[in-house]
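Subject: Structure for your files

Hello,

The structure is below, and my notes on it follow.

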Amino acid sequence: LLFTRHCASCHGTDGKGNGPLAASLNTPPTDLTTIQARTGGVWDGAAVMGVIDGRRRVAAHGPREMPVWGAVFVDEVRDDGGGYAELTALYAGKALTDHVQALQGR
């Protein structure tokens, strides 16, 4: 699962911010299971996707130009010149957003 590979080390496999690296971070990881509750019960998938893909700055994730995972989804696939890598990155971001939505209220 993408979440396990790219997010769980900080956010934990359950998304509660209790991953194995959490204690070593200056800023505790966000509890991803409470995003919807913190926004009045409304799920804003576009905002979550913005955090995942770096459009919305989160200091702990690094600068917008190179979030902690950088262009990992693009780099992990070979670009065939037809935008395949960028499309794959979009699908990966959507899959992660969907996974975080499924964690809400757990």
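T97 touches W43, G45, V48, M49 and I52, leaving aside residues up to four places away in sequence; contact here means heavy atoms within 4.5 Å. T97 sits in helix α6 and is buried, with a relative accessible area of 5%. Buried means under 20% relative accessible area, exposed over 50% and partly exposed in between, with a 1.4 Å probe and protein chains only.

This is a predicted model, in which local features need pLDDT of at least 70 and side-chain atom pairs count only at pLDDT 80 or more, while totals for chains, interfaces and linings use all residues. Residues are numbered from 1 along each chain as its sequence is written, and side-chain values use heavy atoms, with hydrogens and water left out.

Overall fold

The protein chain has 6 helices and 0 strands. Helices (H or I, at least four residues) and strands (E, at least two) are DSSP runs, numbered from the N terminus. Of the 106 residues in the chain, 35% count as buried. Among contacts between residues at least 6 apart in sequence, 37% join residues at least 24 apart.

Core

The largest nonpolar core has 11 residues: F3, C7, A8, L32, I35, W43, V48, I52, L96, V100 and L103. Two or more of these residues come from each of α4 (45-53) and α6 (84-102). A nonpolar core is a set of buried Ala, Val, Leu, Ile, Met, Phe, Trp, Tyr and Cys residues joined through side-chain atoms within 4.5 Å. F3 touches, among others, A8, L32, L96, V100 and L103, again not counting residues up to four places away in sequence.

In α4, the buried residues are V48, M49, G50, V51 and I52. Just after α4, G54 takes a positive phi of about 95°.

The largest pocket has a volume of about 700 Å³. It is lined by 28 residues, of which H11, T30, L32, V51 and H61 lie nearest its centre. α1 (2-6), α2 (8-11), α3 (35-38) and α4 each give two or more residues to the lining, and α4 gives the most, with 4 residues. A pocket is an open set of points on a 1 Å grid over the protein atoms alone where a 1.4 Å probe fits, with protein on both sides within 12 Å along at least five of seven lines; lining residues have an atom within 4 Å of a point. The volume is the space filled by probe spheres set on the points.

Regards
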